[in-house]
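Hi,

Here is the model I promised to pass on.

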Amino acid sequence: MPTVLSCESLEKRYGGTVALGGVDLRVERGELLGLLGPNGAGKSTLTKIACGLVRATGGRAEVEGAPAGSASARAAIGYLAELFRFPDWLTADELIALHQDLAGSDGGVGERGELLELVGLAEARKVKVAAMSKGMQQRLGIAQALVGSPRLLMLDEPTSALDPVGRRVVRDLLRELRRRDVAVVLSSHLLSEVELVCDRVAILVGGQIVAGGTPAELARPRGVEVETGNGVRSFPQATREDVPRIVAELVAGGEQVYGVTVLASTLEDAYLEAVGAA
Amino acid sequence: MRGALVVARYALREAVRRRVILVVLVLTAGFLALYALGAKLTFDEVNGLAADDQLDDRVLAGSTLFGLAMFTMLFLGAVLAVFLTLGAVRGDAERGLLQPMVVRPVGRTSLLLGRYAGAALVCTLYVTAVYVGAMLITGITGDWWPDDPVGPGAGLVLGVLVIAALSLLGSVFLSATANGIAVFMIFGAGLAAGLLGQIGDALAVQTLQDVAEVSSWVLPFEALYQGGLHSLTQDAGGVTGVIVQLGPFGGAQDAGPGLWLWALVYLGLVGAAARAGFARRDL
């Protein structure tokens, strides 16, 4: 898979404060990467460096092989900031049209209609931003980020203002983007959302990646619980591979076995562990 | 260049949608109506005065009235220029408006150029319209026309464009409120320096003349305005010419081609500084 975003020893300092302390990261085409971390961990800084909004003080960041911030890198990127605002005097359709002009997209009315449809705002194309709820504006922001068919989508907390239905719309949209081979970097505090849609997760603490991998890789085994006639029996050190042996031994010992649960830590457990250890 | 045009069109549309243009048009119409009334009453009074061999009352009244109008144009043009640009970079970035646009491939220079072009077009149209309107009113009501009808208007336009450029430069480094305050203080300082220069000329005080000279290089908008006032009555001689020059709306110094050239270079330097500052700015 071709690499869409590549960061090597990426550093950013604000005076004496280290926002990023040597981050190595790669995102492949069609991959959905969840960027996790507490406030101030450097997620937004990393996102902004990739988008050319912030200059790195060290290391290298490239988008499709071009230095982050260059015109060709920016042409490949769609971006939705955590704290964004759109001109409130524009309608949804006009805002998308403005970004089509800025991006040099010749998608015209067709692209505008498709994007607004994708985020569930087809009926709101003539509605001014000023009249939209925060959730509608966030969905409009995602549509705006998709103008010009970007190959890399950088989303900073894109679902923070959305209701459950809105989140479902965004989840489905992200899956559709993956199907279209768009790479997505999703920065979020909503671990359950990330766990549901992301192929891979990177946990950033204090400007450094302290853990990374697929959600399954990050989730560690936490033993096996067996429901028997005499209650639930726990085997904290056991793994999935131990289940047949444990069940056989219990049955041989005269126990009635009604169910087996293989326990694994959630992404939240892994996250808290990584953040706590850092 | 295409990106700059897109941004300029966006800035103009914003000015229309936010009713900036409407408010400016209505208030300008009000100003011109008041000016017409004032000019009519003044010239009625002047026409009733006995003829004076030494002093041409009509020239004195016309140039003073029009000089007052030019000061108003410079001030209101500066207000317009500042309010259209004061939050263009840092202000919009703090509100989260700028980042989605900067990420687009148009580039920061085009964004800056587009914002400036939009503001410059609105300011140019405004100053030109008010200048022509006031000149027509003065000419029709009092049969007085500037000795140079084009130069002072062009100087005013260039002066306001310099103020817009300074405001745009300030917007790269300062928050909107701080930038607005800073530019208006610079504007006031420029005017004060010009007045000191006039006093220096009248009283032949070299230090005051030097202050005005330096300020005209540092802040050329004031010198352009003073040069414009001078051109209004450049052909007036004798007592009338002296009294007009000494008055509050009589420019003591001719602008000269050097000042025009410097003002254009100054615009370029301010633009280059804004571009360099914006290129290094983290958003």
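Below is what I found, starting with the ground rules and then going chain by chain.

This is a predicted model, so I kept local features to pLDDT of at least 70 and side-chain atom pairs to pLDDT 80 or more, while totals for chains, interfaces and linings use all residues. Residues are numbered from 1 along each chain as its sequence is written, and chains are lettered from A and ligands numbered from 1 in the order in which they are written.

**Chain B**

Chain B has 12 helices and 0 strands; helices here are DSSP runs of H or I with at least four residues, strands are runs of E with at least two, and both are numbered from the N terminus. Its radius of gyration is 20 Å, close to the 19 Å that the globule rule gives for 283 residues, so chain B is as compact as a globular protein of that length. (That radius is taken over C-alpha atoms, and the rule is 2.2 Å times the number of residues to the power 0.38.) Along the principal axes, the C-alpha atoms of chain B fill a box of roughly 70 × 40 × 30 Å.

Of the 283 residues in chain B, 48% count as buried. Buried means 20 or more other C-beta atoms within 10 Å of a residue's own, exposed means 12 or fewer, and partly exposed is in between, with C-beta atoms placed from the backbone. Among contacts in chain B with a separation of 6 or more, 81% are between residues 24 or more positions apart. A contact is a pair of residues whose C-beta atoms, placed from the backbone, lie within 7 Å.

**Where the chains meet**

20 residues of chain B are in contact with 23 residues of chain A. On the chain B side, helix H1 (2-17) and helix H5 (99-102) each supply at least two residues, and the largest share, 5 residues, comes from H1(B). That side of chain B divides into 10 nonpolar, 4 polar and 6 charged residues. For the classes, Ala, Val, Leu, Ile, Met, Phe, Trp, Tyr, Cys and Pro are nonpolar, Asp, Glu, Lys and Arg are charged, and the others, Gly among them, are polar.

**Chain A: two domains**

The domain assignment gives chain A a domain 1 (3-214) and a domain 2 (219-277); such bounds come from an automatic or database assignment. Taken over C-alpha atoms, the centres of the two domains of chain A are 39 Å apart. Their contact takes 10 residues from domain 1 of chain A and 6 from domain 2 of chain A. On the domain 1 side, helix H7 (191-197), strand S9 (200-205) and strand S10 (208-213) of chain A each supply at least two residues. The residues of that side of domain 1 are 9 nonpolar, no polar and 1 charged.

Strand S3 (residues 32-36) of chain A is mostly covered, with 5 of its 5 residues buried. Leu32(A), Gly34(A) and Leu36(A) point one way from S3(A), and Leu33(A) and Leu35(A) the other. S3(A) pairs in the parallel sense with strand S8 (residues 183-187) of chain A over 4 bridges; pairing requires at least two DSSP bridges between two strands. There, the bridge partner of Leu32(A) is Val184(A) in S8(A). Another 4 bridges join S3(A) to S9(A), also running parallel, and Gly34(A) has Val201(A) as its bridge partner in S9(A).

Helix H1 (residues 43-51) of chain A has 9 of its 9 residues buried, so it is largely enclosed by the rest of the structure. Lys43(A) and Lys48(A) are among those buried residues. Gly52(A) follows H1(A), with a positive phi near 80 degrees.

Glu11(A) sits in strand S1 (residues 3-14) of chain A. Glu11(A) is partly exposed, with 17 other C-beta atoms within 10 Å. Leaving aside neighbours within four places in sequence, the contacts of Glu11(A) include Leu20(A), Ala56(A) and Thr57(A).

Lastly, chain A has an open sheet of 3 strands in the order S12-S11-S13, with antiparallel pairing. Strand S12 (231-235) and strand S13 (257-264) of chain A are at the edges with a single partner strand each, so one side of each is left without a neighbour in the sheet. Strand S11 (residues 221-228) of chain A pairs with S12(A) over 5 bridges, and Glu225(A) has Ser234(A) as its bridge partner in S12(A).

Cheers

Terms used: Contact = placed C-beta atoms within 7 Å.
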